[in-house]
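Welcome, and please open the model in your viewer.

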Amino acid sequence: MSPIPATIGDFSVLPVSIPPLPSFPRSALHYIYVRRNVSKVPTADDSRRLFLTNIPVDSTDLHLRSLFASLVGAGRFESVTFRDEHKDSESPVDAAPLHAVRLLAAHGNKKRKRDDAEAAAERAREEQAAALPKTWTRTLHPTGSTAVVQLADNKSAEQVLKAIAKLHKNKKYPSWPSPEKVPKLGSVWLKSHNVLSYPAKDTVQAAIDTFSAMFARREQEAAEIAKRLRNEPDEDGFVTVTKGTSRTTPASRIEAEEARRKMLEKQEKKKQELANFYGFQLKERKKEEQAELLKKFEEDRQKVFEMREKRGRFVPES
């Protein structure tokens, strides 16, 4: 058997011993490739992050936490982010109709950051309540999946890479852990999936009711914004044409006349401001012209005075 390389390119090779299973009663070596994480947008935490590829398909947070603890001791591992989570996880519930999303994004009320944070937290709670129950107790990753591990500090990341290099010298490869808190796979996993695929009627009804309430509220907010936009002309005198599933009655003649009067007042005020501005410019220009005429008059008078002085000193020949 050819020796296991310590590195391949920028990656350090981490051999992990997979314990025997009832379906495969022999141990096997699995290779995880580790290197420093390189983000597209550099952050302050890049120095303490490691990029892992070819992780085992049954990897969880507890598996990698135990694995790194066997390499550098407990307390160094902080968190892990699996890169395939955003693909496999269900998309968040969006109870807002499309026209409501556009109107709220373009013309929604501007709130303070604190209000925005509270609204986001409340919306996250509602979306969680509106989501249907999960049907799997544990997620499996595709072959060759990747993950980013965040450690306590830069020194911990260096120690992990040094520990991996040391494994190739003493040949004492760590075993893939089997945490007790992780749900079991196999037939137990499939049986639990079969049970979770048929949730209780009350649970499904509660999720549907929450979703419907969120949808109705967002649609009502969009309808109020659409009604306000239909009654408020812009600076050029145009009224925004909006579309929605919940339509309100058009503005009455009185409301339209009032909106037109406000628009004309705004235009008249703008013209007056411009006229005042131009009047100020004309006054300034007249002052400059008068000052220039006075300057030229003084220069001409000085020239005439000098000419008279020269003429008075003239002595004809005898």
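Which strands does helix H5 lie across? Select residues 154–170 to show helix H5, and you will find that H5 lies across E2, E3, E4 and E6, running at about 65° to E2. Helices (H or I, at least four residues) and strands (E, at least two) are DSSP runs, numbered from the N terminus. The angles lie between N-to-C directions and run from 0 to 180 degrees, with axes as lines fitted to C-alpha atoms, for helices over the stretch in contact; contact means heavy atoms within 4.5 Å.

Before going on, note that this is a predicted model, in which local features need pLDDT of at least 70 and side-chain atom pairs count only at pLDDT 80 or more, while totals for chains, interfaces and linings use all residues. Residues are numbered from 1 along each chain as its sequence is written, and side-chain values use heavy atoms, with hydrogens and water left out.

**Stop 1: the sheet**

Now show the strands. An open sheet is formed by 6 strands in the order E1-E2-E3-E4-E6-E5, with antiparallel pairing. Its edge strands, E1 (7–8) and E5 (77–82), each pair on one side only. Two strands pair if DSSP finds at least two bridges between them. In general, strands of a sheet pair through backbone hydrogen bonds, either parallel or antiparallel.

Next, select residues 49–53 and 146–151: these are strands E4 and E6, joined in the antiparallel sense over 5 bridges. Pick Phe 51, and look for its bridge partner in E6, Val 148.

**Stop 2: aromatic rings**

Rings of Phe, Tyr and Trp (its six-membered ring) pair if their centres lie within 6.5 Å; planes under 30 degrees apart count as stacked, over 60 as edge-to-face and the rest as tilted. By this rule there are 3 aromatic pairs. One of them is Phe 68 with Phe 77: the ring centres are 5.8 Å apart and the planes are at 50°, so the pair is tilted. Phe 68 is buried at 1% relative accessible area, and Phe 77 is buried at 8%. Here, buried means under 20% relative accessible area, exposed over 50%, and partly exposed in between (1.4 Å probe, protein chains only).

Move on to Trp 136 and Trp 189, whose ring centres are 4.6 Å apart with planes at 35°, so this pair is tilted. Trp 136 lies in the loop between helix H4 (113–130) and E6, and Trp 189 in helix H6 (residues 187–196), so the pair ties together parts that are 53 residues apart in sequence. Trp 136 is partly exposed at 38%, whereas Trp 189 is buried at 14%.

**Stop 3: salt bridges**

A salt bridge is a side-chain nitrogen of Lys or Arg within 4 Å of a carboxyl oxygen of Asp or Glu. The structure holds 9 of them.

- Select Asp 61 and Arg 65: their closest N and O atoms are 3.4 Å apart. They sit 4 residues apart in helix H1, which means a separation of about one helical turn.
- Select Glu 265 and Arg 261: here the closest N and O atoms are 2.4 Å apart. Both belong to helix H8 (residues 253–312).
- Select Asp 45 and Arg 49, with closest N and O atoms 3.7 Å apart.
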